Amino acid sequence: MALPNRFLAKPRTIAPAASAQLAAEQMDNAHVGSLIVTDERDNPVGILTDRDIALGVLCCDLAAEAVTVAELMSTPLHTIQRDQSLAEAAHLMRVHGIRRLPIVDAGGALLGLIAADDLIQILSADICHLSGAVQKSFVLESLPLPNHGSIFGPE
Amino acid sequence: MNEIELLIRRRFETIGTGESVGAAARLMGAARAGILLVRDDSGALAGVVTDRDLSLRVVGHGRDGTHLPIGEIMSRPAHTCELTDDLAEALERMNRHGIRRMPALAQGKPVGLLVLDDVLHHVAGELRDLSHEARSRHDHPTSQRIQSTSGSPENILAELEERLGKLRGKLRAANWHAREAFLGELDEIKARLRQVLPLHGEDSAEQGQK
């Protein structure tokens with residue numbers, strides 16, 4: 001089962017040559033904690049978080065307009081293909097110790113973003129279904145899958 | 001000891017209101033901390049500052065952090081909980097304020113940090129215990145040990161229901177952040193609950209198959 005379509009909104013991006021100050025402004029305006037760094041052909045090449053900016057700039061008393069995104073971003077970028085599953089997303093996050101996974105197509109073009117926060121919301125819904133199954137003595141197979149998809153995949 | 005007291009991190013970092021943003025960033029980096037508790041001259045909790053605050057309020061506004069005092073950019077007052085508070089209520093408050101970490105106070109002084117990730121980790125552990133028990137009951141429904149500690153097989157699902165219900169309440173209060181360990185546990189409990197559900201179906205086949 002492919003990743004749910006609602007995660008296929010293109011995330012906020014920024015160029016590697018942009019300044020740390022611009023990146024922080026964009027995170028503030030967009031209410032996000034990370035930006036995907038894309039090259040001139042719009043291919044994702046890295047990810048930048050608010051913590052990367054805070055520590056990278058302020059620890060060394062650098063001038064925010066003089067530090068570039070390329071100097072602060074994390075590479076290589078771990079991604080997931082849209083036809084992979086939620087369980088695979090969870091696995092990749094666990095293996096790499098990350099909370100955000102850009103979704104890409106077969107050619108590597110950026111399609112969306114899925115975060116650990118998104119997974120937990122889906123999992124919470126699954127727990128409610130499981131709890132309901134116990135309460136009502138249903139066998140699990142008789143339950144309809146939640147329409148948003150499930151971490152557990154198709155039954 | 002209530003849940004908050006069990007779950008808080010006793011180790012946390014503090015910084016004075018007059019110290020610089022640069023010093024705060026260096027402390028966060030060295031201590032691998034995402035939040036600092038800010039104390040005033042009397043040692044009382046004056047506010048908190050996160051790595052995101054530093055990024056958006058200082059870097060994003062083009063301010064020089066070299067001599068900028070933390071007291072000027074911290075969040076205040078800090079949202080806090082008491083050690084004796086109910087965990088679900090504290091989680092609900094964190095959710096309402098959109099925060100992931102909350103200082104826990106005793107007699108007005110910070111004694112720890114309640115971190116959402118830790119709560120989820122704890123919930124994952126409860127789920128794991130629950131799933132192990134479900135598996136044990138399924139594999140050994142007549143085991144003396146299980147019977148003696150947990151009552152008759154007819155009570156299995158009632159207990160599971162109650163414990164799942166409690167977990168569900170916590171998840172509902174804290175459902176916007178994940179911890180990786182949690183994800184694996186859910187896969188496991190799902191498999192094991194699938195083992196125990198048919199057990200109940202056999203016990204009450206007519207009702208269960210409707």
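Helices here are DSSP runs of H or I with at least four residues, strands are runs of E with at least two, and both are numbered from the N terminus. With that in hand, look just after helix α1 of chain A: A:His31 takes a positive phi of about 55° there.

Quick housekeeping. This is a predicted model, where local features need pLDDT of at least 70, side-chain atom pairs count only at pLDDT 80 or more, and totals for chains, interfaces and linings use all residues. Residues are numbered from 1 along each chain as its sequence is written, chains are lettered from A and ligands numbered from 1 in the order in which they are written, and side-chain values use heavy atoms, leaving out hydrogens and water.

So, how far do we trust chain A? pLDDT is the predictor's confidence in each residue, from 0 to 100. Chain A averages 84, and 79% of the residues score at least 70. Within chain A, β1 comes out highest at 98, while α5, residues 116-136, is lowest with a mean of 68. Then residues 137-148 of chain A sit below 50, with 25 contacts in the model beyond near neighbours in sequence; a contact means heavy atoms within 4.5 Å. Residues 151-155 of chain A are also below 50, and that stretch has 19 such contacts. Where pLDDT is low, the predicted coordinates should not be read in detail.

Back to α1 of chain A, residues 20-30. Which of its residues are buried? Buried is under 20% relative accessible area, exposed is over 50%, and partly exposed is in between, with a 1.4 Å probe and protein chains only. The list is A:Ala20, A:Gln21, A:Ala23, A:Ala24, A:Met27 and A:Ala30. An α-helix has 3.6 residues a turn, so residues three or four places apart point the same way. The cover over those buried residues includes β2, β3 and α2 of chain A, and also α3 (51-59) of chain B.

Staying in chain A, A:Thr38 belongs to strand β2. A:Thr38 counts as buried because its relative accessibility is 6%. Leaving aside residues up to four places away in sequence, A:Thr38 touches A:Thr13, A:Ile14, A:Ala15, A:Pro16, A:Asn43, A:Pro44, A:Val45 and A:Leu110.

On to chain B, which has nine helices and six strands. Of its 210 residues, 46% count as buried. Strand β2 of chain B, residues 35-39, is mostly covered, with four of its five residues buried. Three bridges join β1(B), residues 14-16, to β2(B), and the two run parallel. B:Gly16 has B:Arg39 as its bridge partner in β2(B).

There's also an open three-stranded sheet in chain B, ordered β4-β5-β6 with mixed pairing; strands pair if DSSP finds at least two bridges between them. Its edge strands are β4 (81-82) and β6 (109-115), each pairing on one side only. β5(B), residues 101-106, is joined to β6(B) by six bridges, antiparallel, and B:Ala104 stands opposite B:Gly112.

Last, the cysteines. How many disulfides are there over all chains? A disulfide is a pair of cysteine sulfur atoms within 2.5 Å, and the count is zero. For A:Cys60, the nearest cysteine sulfur is that of A:Cys59, 5.9 Å away. A:Cys60 is partly exposed, at a relative accessible area of 49%, and B:Cys81 is buried, at 1%.
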